[in-house]
Each structure stands twice: as structure tokens, then as C-alpha cells.
Amino acid sequence: MSRLEKAREEKRKRRKKSSFILLLFLITIAAIGTLYFLGIDYIIDTPEETVTEIIDLERSTALIDIFDLTYVRIYTLEDQVADEIRVNGEPLERTVEENRWEITLSDLKAGNEIFIVAVLDGRVVQEESLVVEEL
């Protein structure tokens, strides 16, 4: 076998190998595309996040008085119950008669934003924010 024949044989083997790699690549892309279009949820069971509206932002308030005390009152929607409601990490106390959660804070100024978290069954179900206003 001459050098020319050996070179041709090597070239043919490389071409065959690169064609095989290209074919594997195309099959992989086709498989990924098929999974995407058919819906990956059929193959991987992922739990869906459901957001439960508990907080009534229309009625909830955060008001600051002349003594720099901020009265935070978070109302819940009708027929909604939360295990716990926190404002900036502080737990609020529940007032059953008025269907609201309350806390008095002293480290806020008018215009500050407070972050409200509603917890139900040990998991956060709603996160909201509210701006502190002057009384």
C-alpha cells in the first residue's frame, strides 16, 4: 500500500467518523425538540406553584403617627385564612373580630416600603409590599 493510498484511507475514516458524530448530534437535537413540543411535563412530574390570594391590599394599611409609631393592619379576604402573616420578618397578631392582623413598629418612616408575607400550611403563599403613609 502506497503513501497515497494510506492517506486516502485515513481521510475516508475521518469522514466516516465525523459523519457519525454529526448524525448523533442531529438525533439528539431532534429528541430534545420532540420533548419540548410534546411537553416535558409528561416525562418530568413537576409540582405546580399555586398562588393563593389571602391579603386584601385595598383595606390593608401602614400608617405612621406623630410619635413615629407605625400601625400596620393587614386585612384578609373573605373566606381566606392564613396561619401566619409577617411584616419585614415580624409576626403579626390576629384580631379575629375584625378579620385583620396587627403590629406596631417604631423603626419606619413615611414612604418606607414594608414587605408582607402570608404563610399557610408552613409555606409562603403570598408576598406583597405596602408603602408607609402618614396619618
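Start at the hairpin of E7 and E8 and select Asp121: two residues sit between the strands, and Asp121 takes a positive phi near 55°. Strands here are DSSP E runs of at least two residues, helices are H or I runs of at least four, and both are numbered from the N terminus. Keep in mind that this is a predicted model, where local features need pLDDT of at least 70, side-chain atom pairs count only at pLDDT 80 or more, and totals for chains, interfaces and linings use all residues. Residues are numbered from 1 along each chain as its sequence is written, and side-chain values use heavy atoms, with hydrogens and water left out.

E7 and E8 run antiparallel and are joined by eight bridges; two strands count as paired if DSSP finds at least two bridges between them. Pick Ile116 and look across to Glu128, its bridge partner in E8.

Click through two of the pairs: Glu84 has Val119 as its bridge partner in E7, and Ile85 has Ala118.

Bring in E4 and you have an open sheet of four strands, ordered E4-E3-E7-E8 with antiparallel pairing. Strand E4 (90–91) and strand E8 (123–131) stand at the edges with a single partner strand each, so one side of each has no neighbour in the sheet. As a reminder, strands of a sheet pair through backbone hydrogen bonds, either parallel or antiparallel.

Time for the side chains. Select Val72, Ile74, Ile85, Val87, Leu92, Ile114 and Ile116: these have the most contacts inside the largest nonpolar core, which has 20 residues. Strand E1 (55–64), strand E2 (70–76), E3, strand E6 (100–105), E7 and E8 each supply at least two residues of this core. A nonpolar core means buried Ala, Val, Leu, Ile, Met, Phe, Trp, Tyr and Cys residues joined through side-chain atoms within 4.5 Å. Buried is under 20% relative accessible area, exposed is over 50%, and partly exposed is in between (1.4 Å probe, protein chains only).

Stay on Ile85. Leaving out neighbours within four places in sequence, Ile85 is in contact (heavy atoms within 4.5 Å) with residues including Ile74, Leu92, Trp101 and Ile116.

Hop to Trp101, in strand E6. Trp101 is buried, with a relative accessible area of 6%. Not counting residues up to four places away in sequence, Trp101 touches Val72, Ile74, Ala82 and Arg94, among others.

Now draw a distance from Trp101 to Leu23: they are 63 Å apart, C-alpha to C-alpha, and 78 residues apart in sequence.

Zoom out to finish. The protein chain has one helix and nine strands, with the helix leading in the pattern α-β-β-β-β-β-β-β-β-β. Its C-alpha atoms fill a box of roughly 100 × 35 × 20 Å along the principal axes. The radius of gyration is 31 Å, whereas a compact globule of 135 residues would have one near 14 Å; this radius is taken over C-alpha atoms, and the globule rule is 2.2 Å times the number of residues to the power 0.38. Buried residues make up 23% of the 135.
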